[in-house]
Amino acid sequence: MIKHTYFFLFAILIAASCDNTNTGGNSNKTSKDSVMSKDVHTQSNADSIGMKHLDLDIKVDFDAKKISGRASWTIENKNNVKELKLDTYDMSIDSVFVDGQHTVFRLDSPVKYLGSALHIPIPANSHFIDIYYKTGKNAIALQWLDPQQTHDKKHPFLYTQSESIYARSWIPCPDGSGIRFTYSARVEVPKGLMALMSATNPQQLNDSSVYHFNMEIPVPAYLMALAVGDIAFKSIDERTGVYAEPGMIAKARYEFEDVGKMVSTAEQLYGPYRWGRYDVLVLPPGFPIGGMENPRLTFCTPTIIAGDRSLVNLIAHELAHSWSGNLVTNATWNDFWLNEGFTNYFERRITEAMMGKSFVDMSWAQSYEDLQVAVNELGKDNKDTWLKLDLKGRDPDDGLTDIAYEKGSNFLKLLENTVGREKMDSFLRKYFDEHAFKTITTEQFLAYLNENLIKGDTAILNKLDINAWVYGPGIPANCPHVIPERFKVADSARDHFLKGKPIAKEITSAWSTYEWLHFLRNMPKPLSFAQMNQLDNAYHFTKTGNSEIADVWFVMAVAADYTPAFPAMEQFLGSVGRRKFIEPLYSEMMKTAKGKEMAKRLYAKYKMNYHPLAQVSLDKIVLKN
Ligand code: BES
Ligand code: ZN
């Protein structure tokens, strides 16, 4: 305890001496600050040079599976730095011009995870850097889909996923979340396809096959995004709408009916939405994650289109990032909880306002269960279970786990419980206002928290035990945890079933996804074939259109060797690329000899449908033995 208190004071002192929450350079920092907030995942020195604007002029070539063109940076080299270093990954650099002059550059050999630094000599007073480049075969941000891999199966599709450090594989850039810039772009695509970016977007196909984009608000590189395909648009209200392949657009429009209302609900909580439009793009099923908060245009998986609007909370999450993450940005990936923990808390506040307390209580309870699972998987003493991470020398993706989401959001919930909702909300609103379009480290946040909310109150400090959360492992003893009434009903239904008694229809008829997941996830594993069969006959899990339920069910089916579910499971694995679903499923198969054979067969067949990043983690699961 004493050790914790000292560490906390130390952190506050360091952070307080550092007022660099600004968008640009860190030249005012003391050396201690730099140690605490240095971004170890970029090789760029752009933080000591002002990177003002990026102008992209690129062509998307589906035959060669390449993006090629020019990235032009406008810089303001106030400190007279002699050389600009940018991040690149598996990219060929054809030529570089500085203020129109052809310039000799150097491209380093690749560093593990980080790629190759591009060195460009810059004379004093230079302003414009033009880089002509092509993406490589291993451009990890890009997924090129053949028509067969799309929903409509008629046209090819391309999308990017830049978070965390993959923007550098399609744009030579300063790829650190602490560096922001505005951008404009001209994108040439094959005839008949539409291009969209994290910027002002077209709503119609354009005959010239050339699209122009503008993002006049500075954003970090991880929010750079591009999608190209056969895409249609439907409006929801005056500032929200949905994009999807034509065969998907009607379903998507139905599912997202409440998105406009979500934006105004979020605004009522924490202040104005500052990005203009808010649209959602539904991607083909291979998209490796659930959603990505690309500014103005959330990218999302089609697996949330359940037909009954039951999984739209994912959109509330990506929308909430328009405040936590896109407006106030984690300074480095070590501070990832400032993006995701805040966003999960904010998401649940939107959900509570729209769906009521008894509903959101289930989300909080599931969060606690997810936190337990994450801590068990990582080990309760693992430093990756601290909120403040230490990812030096590592692949950032290895450390970006559920801890940031669930330990982070529960820490904020504890804060709310301790100071009261009213104070919590005015604090958060002020936090977003005062840090808008800036980056922030964990230490700066803790200093701000103390100055503006805790104000040195020792009773509150003792209740919170901040160090146990931020610089300590596992689940702190004061973690909020309530068992919602609606879960108690699901628990007794499960007990009933396990004792061989029937469950009355009225009990389950109004269950939400949360109740079903809670009911299934806490079943003993494996169930007998007869029990699986009984459940399937009663609730038709094998045929469910709800991907969250399907996924848990298929894992149970593998464990129980419940073969009637296998054809549906194979179909699921053949199209869906969302890592959260397919990784646990392959892992479960790998537990038995029969399952292993099935995993290897299915993976060989469907590997090419998965995103390069998903292939990396699945190779580790399926090919290791
Ligand atoms: N920003 C994340 C996605 C991300 C995180 C990409 C880290 C790369 C590295 C996004 O907002 C997110 O959290 N998506 C979740 C959905 C959410 C409801 C928890 C997902 O994709 O599952
Ligand atoms: Zn998120």
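This is a predicted model: local features need pLDDT of at least 70, side-chain atom pairs count only at pLDDT 80 or more; totals for chains, interfaces and linings use all residues.
Which strand is the place of D57? Select D57 and look: the place of this residue is strand β1.

**Stop 1: D57 and its surroundings**

Keep D57 selected. With a relative accessible area of 23%, D57 is partly exposed. Now show what lies around D57. Leaving aside residues up to four places away in sequence, D57 touches S68, G69, R70 and R186.

Pick R186 from that group. R186 and D57 form a salt bridge, and their closest N and O atoms are 3.1 Å apart. R186 belongs to strand β11 (residues 180-188) and D57 to strand β1 (residues 50-61), so this pair ties together parts that are 129 residues apart in sequence. R186 is partly exposed as well, because its relative accessibility is 28%.

Side chains of opposite charge can pair when their charged atoms come close.

**Stop 2: I129**

Select I129, which is found in strand β8 (residues 128-135). Is I129 buried or exposed? I129 is buried, with a relative accessible area of 0%.

Show the contacts of I129. Not counting residues up to four places away in sequence, I129 touches A71, S72, W73, I75, L84, V96, F97, V98, I120 and I122. T103 and I129 are 26 residues apart along the chain, with 9.6 Å between their C-alpha atoms.

**Stop 3**

Turn to the angles at the ion. Ideal angles at a metal are 90 or 180 degrees for six octahedral donors. Now select the two histidines: H317 and H321 are both buried.

**Stop 4**

How many salt bridges does the structure hold? It holds 38 salt bridges. Two further examples can be selected here.

Begin with D370 and R521. These residues form a salt bridge in which the closest N and O atoms are 3.2 Å apart. D370 lies in helix α7 (residues 357-378) and R521 in helix α16 (residues 513-521), so the pair ties together parts that are 151 residues apart in sequence. D370 is buried, with a relative accessible area of 15%, whereas R521 is partly exposed, at 38% relative accessibility.

Move on to R494 and D491, whose side chains meet in a salt bridge at 2.9 Å, N to O. R494 and D491 are three residues apart in helix α14 (residues 485-498), so about one helical turn separates them. R494 is buried at 7% relative accessibility, while D491 is partly exposed at 22%.

**Stop 4: the domains**

Zoom out and colour the chain by domain. The protein chain is divided into domain 1 (2-23 + 327-470), domain 2 (49-320) and domain 3 (523-623).

Keep domain 2 and domain 3 in view. Taken over C-alpha atoms, their centres are separated by 32 Å. To the contact, domain 2 gives 21 residues and domain 3 gives 16 residues.

What area is buried between domain 2 and domain 3? The area is about 1,400 Å², and carbon and sulfur atoms give 57% of it. On the domain 2 side, select I140, P288 and T303. These residues supply 35% of the area that domain 2 buries against domain 3, more than any other three residues.

A search for salt bridges ends the tour: the count between domain 2 and domain 3 is zero.

Notes. Residues are numbered from 1 along each chain as its sequence is written. Chains are lettered from A and ligands numbered from 1 in the order in which they are written. Side-chain values use heavy atoms; hydrogens and water are left out. Buried means under 20% relative accessible area, exposed over 50%, partly exposed in between (1.4 Å probe, protein chains only). A salt bridge is a side-chain nitrogen of Lys or Arg within 4 Å of a carboxyl oxygen of Asp or Glu. Helices (H or I, at least four residues) and strands (E, at least two) are DSSP runs, numbered from the N terminus. Domain bounds come from an automatic or database domain assignment. Contact means heavy atoms within 4.5 Å. Buried area is the accessible area (1.4 Å probe) that two parts lose on being put together, summed over both.
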